[in-house]
Amino acid sequence: MAAAAAGGGTTGAATLRAAGPVCRLRSCSAEIAPGAARVDASVAQGVSAAPDSAVAWEGGEQRLLRQAAATAEKRGKWTLEAQGEATPYTTEYEALRPTYAHEAVAELVSRGMLAYVVTQNADGLHHLSGIPYSKLSDVHGSAFTEYCSKCGERYVRETYVPEDRAEDFLAGRLPGPMPPHIKRCPGCGSNHWTGRSCEKCGGALRDTVVSFGDGLEECVLSPAFEAAEAADACLSLGSTMSIGPSNQVVIIQKGPLIVCVRQDTEMDRLCKRTGGVRAYGDCDAFMRRLMRALLGDADCDAWEDSLSRKAEIYDSKRPTSGKKRGDIFVKKF
């Protein structure tokens with residue numbers, strides 16, 4: 001059995017052209033709208049769900065959990081910006097590490113229980129956790145991937161690739177001559193050139209991060225849609241599935257939709273109609289229960305014991321300090 005997964009955004013599917021051997025960045029006509037939420041959806045293979053209703057895994061606490069999610073203090077970036085508060089760049093992307101949910105998804109992919117993963121997060125954590133790009137689509141790009149504008153060669157780095165100085169140069173906050181590789185993108189108003197050159201042909205490299213106003217890459221989005229068409233079920237974690245076109249994977253797939261997110265979503269009716277499972281709560285807690293159910297206690301214990309060794313590998317691959325930037329999806333006005 002096979003399965004496929006979803007994303008979030010404005011409604012409407014992208015019109016895709018056939019991807020050639022070299023796919024140019026932003027060749028897709030679909031654009032990211034301001035206010036886009038990050039999505040993290042995973043394709044499920046062989047996952048069984050309740051046949052006739054969508055229920056919260058917390059059972060009788062469903063109403064209380066929904067109320068708690070709706071009334072909890074919101075301190076996210078978009079909420080703070082709407083309230084007029086500053087959101088300084090403080091996150092060190094290179095210091096980020098996979099959570100339990102990331103690790104669980106990677107383990108299920110390695111066991112063939114999840115067929116494909118689609119994410120709108122640009123932190124590169126799914127790939128760091130061990131999921132190969134043959135089974136992963138970073139539909140909004142990755143802060144650790146750059147590509148050659150000339151030959152299309154892609155480079156996955158262990159360091160953060162966007163040129164952060166560009167924002168300050170373009171805004172006139174940095175003195176001195178602006179480096180020649182920094183150029184304002186006509187789509188998003190930001191800079192995508194990293195200042196490095198292709199090892200294969202010498203062409204200029206660009207980051208793959210999709211900012212508001214940029215199009216999506218066909219070579220990344222198309223495999224996600226293809227996986228959705230072959231899906232038996234879809235597991236969506238931590239996403240309201242409101243941002244398109246990547247949220248179309250939950251609609252394209254024909255099996256149960258299994259959702260864990262704190263808020264109500266536009267896809268809750270679809271979840272119920274497909275006989276899926278609707279969980280209100282923390283994704284790590286949800287995946288802990290799911291892994292116990294799928295692997296059994298002994299196998300799950302052994303796998304969890306191995307996570308500390310993976311953490312050591314992450315620390316050896318990525319420096320624990322790096323470029324600080326809270327959100328590389330810069331909002332343009």
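The model is predicted. The chain has 10 helices and 10 strands. Of its 333 residues, 49% count as buried.

**Overall**
- Among contacts with a separation of 6 or more, 69% join residues 24 or more positions apart.
- The chain exposes about 15,200 Å², and carbon and sulfur atoms supply 52% of that area.

**Helix 10**
- Helix 10 runs over residues 297-317. Its 21 residues should span 30 Å at 1.5 Å a residue, and the end C-alpha atoms are 31 Å apart, which agrees.
- The helix bends by about 25° at S308.
- C300, W303, S306, L307 and Y314 are buried in helix 10. Their cover includes helix 3 (100-110), helix 4 (125-128) and helix 9 (283-295).

**Salt bridges**
- The whole structure holds 18 salt bridges.
- D299 pairs with R111 at 3.0 Å, N to O. D299 sits in helix 10 and R111 in the loop between helix 3 and strand 2 (117-119), so the bridge ties together parts 188 residues apart in sequence.
- E153 and K200 meet at 3.8 Å, N to O. Both lie in loops, E153 between strands 4 and 5 and K200 between strands 6 and 7, so parts 47 residues apart in sequence are tied together. E153 is partly exposed at 31% relative accessibility, whereas K200 is exposed at 62%.
- R154 bridges to E217, with the closest N and O atoms 2.8 Å apart. R154 is partly exposed, at 34%. E217 is buried, at 3%.
- E146, R157, R196 and E199 are linked in a salt-bridge network.

How values were computed: Residues numbered from 1 in each chain as written. Predicted model: local features only at pLDDT ≥ 70, side-chain atom pairs only at ≥ 80, totals over all residues. Heavy atoms only, no water. Helix = DSSP H or I, 4+ residues; strand = E, 2+ residues; numbered from the N terminus. Expected span 1.5 Å × (residues − 1). Bend = angle between axes of the 7 residues up to and from the residue. Buried < 20%, exposed > 50% of the residue type's maximum accessible area, 1.4 Å probe, protein only. Contact = heavy atoms within 4.5 Å. Areas by Shrake-Rupley, 256 points an atom, 1.4 Å probe, with all protein chains shown as cover. Salt bridge = Lys/Arg side-chain N within 4 Å of Asp/Glu carboxyl O.
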